[in-house]
Amino acid sequence: MALAFDDFGRPFIIIREQEQKTRLRGLDAQKANISAGKAVARILRTSLGPKGMDKMLQSPDGDVTISNDGATILEQMDVDNQIAKLMVELSRSQDYEIGDGTTGVVVLAGALLEQAEQLLERGIHPIRIAEGYEMASRIAVEHLDRIAQKFDFGVSNIEPLVQTCMTTLSSKIVNRCKRNLAEIAVKAVLAVADLERKDVRLDLIKVDGKVGGKLEDTELIYGIVVDKDMSHPQMPKQIEDAKIAILTCPFEPPKPKTKHKVDIDTVEKFQTLRLQEQKYFDDMVQKCKDVGATLVICQWGFDDEANHLLMHRNLPAVRWVGGVELELIAIATGGRIVPRFQELTPEKLGKAGLVRERSFGTTKDRMLYIEHCANSRAVTIFIRGGNKMMIEETKRSVHDALCVARNLIRNNSIVYGGGSAEISCSVAVESAADRYPGVEQYAIRAFADALDAIPMALAENSGLQPIETLSVVKSQQVKENNPYCGIDCNDAGTNDMREQNVFETLIGKQQQILLATQVVKMILKIDDVISPSEY
């Protein structure tokens, strides 16, 4: 729409042709928004559970990612629709806060939208549906609190934590090594956890990987692994009881900060300059040796002459180490990052029991292991795998396992998996709906039906008859009053998830329900979609 003026200065309005308008209003807008949200949920539905399929994503520059992690799939999908972007944000917020359950939260949101569409067609107002969903989510969250169990664990008894991490890893591509990876994740979290304050600093856990070797070669190192080697091939490959100087100043003479030129017209002047530079560098090396340093780790590089002199002065050095790695090395070794040579003192040196250079296979790839540190609160999970995609997916899987272990330390309440929690909440919400006399009752019942979408997707992805399997498990829960009956995805012969050791964290499950409800309420309240061309 635009405002124009005729020859006499009178204003008139130019309206776009009606068939070219892109504006959606009312029920049409709500149905279009719902179908966009459902389309995203449908993509992730087949990735849910231990038998879920993986997605292959190709980026514009040709990089290929294979994953079944909901947050990763949505992050790398090229989404244009604004409602679909809301679903991407939903998955991301679950990933940031909890770290696990990113697929489930989108599938649940998709099911809620599907149920809302049927209610809209029956003439129920979107606000009434949103209010009913809000009531139902509160009932479900309270019911989860009732069926949750406390999980006792300690530094000497880590089996409960390992079992919970194994549940998370069982739906990943790395499930054949889930026991080994779960133990590594739990030990890493306990190494950096403050159990008294129930706090875990995940930034102290570095997850690194190297192509080659097999998944079983993945190891936990109580220290730091740096993808660097000694700056000179003749420097020692192993240093015991190392005292490390961590520098952010370069090992080279200072560059003149003026635009003046230095003219050297005789051999003597060149020799004088060279000797001056060498003396300057010798003083640097001597300062490091005087404070007792046996290894120098530098953020910047140094030239071949400097490298040669370091080797001759018996001072091993590592160059071009990144800032994040420098910080981790400083935390692990108890050292201080030194910005100037003049500030170097013996108290600022880091201490490590062993620094060794390790080579891999037949390649010339070498990495530096800094182990037995003064402060072992910084650890590294070092992943091996057959190709880069495998290592990247393993990193994502281990991140989920680390987050689950952290959540259990923060709050040691668990609910059982396999869809048992959702089925139990569905039964509770369905029975509670009778207490609400208004139109919201329809929305509460619809919420109960939407909760069934998770176990139904699990059954479908496991090759079972979805409706029949869900009916059997639901009737078993009601008959036995047992909220721990779920879908037997692994063909273990029992529906009792306690016997199968399939757990999930309570805060993760509650967050899923609350986040999905919030986003669905937001989508339902949008009744006008105005494109930029409308203004």
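Colleague: What makes lysine 210 count as buried or exposed?

Modeller: This is a predicted model, in which local features need pLDDT of at least 70, side-chain atom pairs count only at pLDDT 80 or more, and totals for chains, interfaces and linings use all residues. Residues are numbered from 1 along each chain as its sequence is written, and side-chain values use heavy atoms, with hydrogens and water left out. Buried means under 20% relative accessible area, exposed over 50%, and partly exposed in between (1.4 Å probe, protein chains only). Lysine 210 has 11% relative accessibility, so lysine 210 counts as buried.

Colleague: Why is the contact of aspartate 365 and lysine 210 called a salt bridge?

Modeller: The term requires a side-chain nitrogen of Lys or Arg within 4 Å of a carboxyl oxygen of Asp or Glu. For aspartate 365 and lysine 210, the N to O distance is 3.8 Å, so the pair meets the rule. This pair links distant parts of the chain, 155 residues apart: aspartate 365 is in the loop between strand E16 (350–359) and strand E17 (366–373), and lysine 210 is in strand E9 (residues 205–211). Helices (H or I, at least four residues) and strands (E, at least two) are DSSP runs, numbered from the N terminus. Aspartate 365 is partly exposed because its relative accessibility is 35%.

Colleague: How do you know that glutamate 183 and arginine 179 are separated by about one helical turn?

Modeller: They are four residues apart in helix H7 (residues 178–192), which means a separation of about one helical turn. Glutamate 183 is partly exposed at 25%, and arginine 179 is partly exposed at 33%.

Colleague: How many salt bridges does this rule give?

Modeller: The count comes to 37. Among them is the pair of arginine 340 and glutamate 343, at 2.5 Å from N to O. Arginine 340 has a relative accessible area of 47%, so arginine 340 is partly exposed.

Colleague: What makes the phi of lysine 198 worth a remark?

Modeller: Most residues other than glycine have a negative phi. Lysine 198 is not a glycine, but has a positive phi of about 55°. Lysine 198 is found in the loop between strand E7 (193–194) and strand E8 (199–200). With 45% relative accessibility, lysine 198 is partly exposed. Tryptophan 320 also has a positive phi, near 55°, and sits in the loop between strand E14 (317–318) and helix H10 (323–333).
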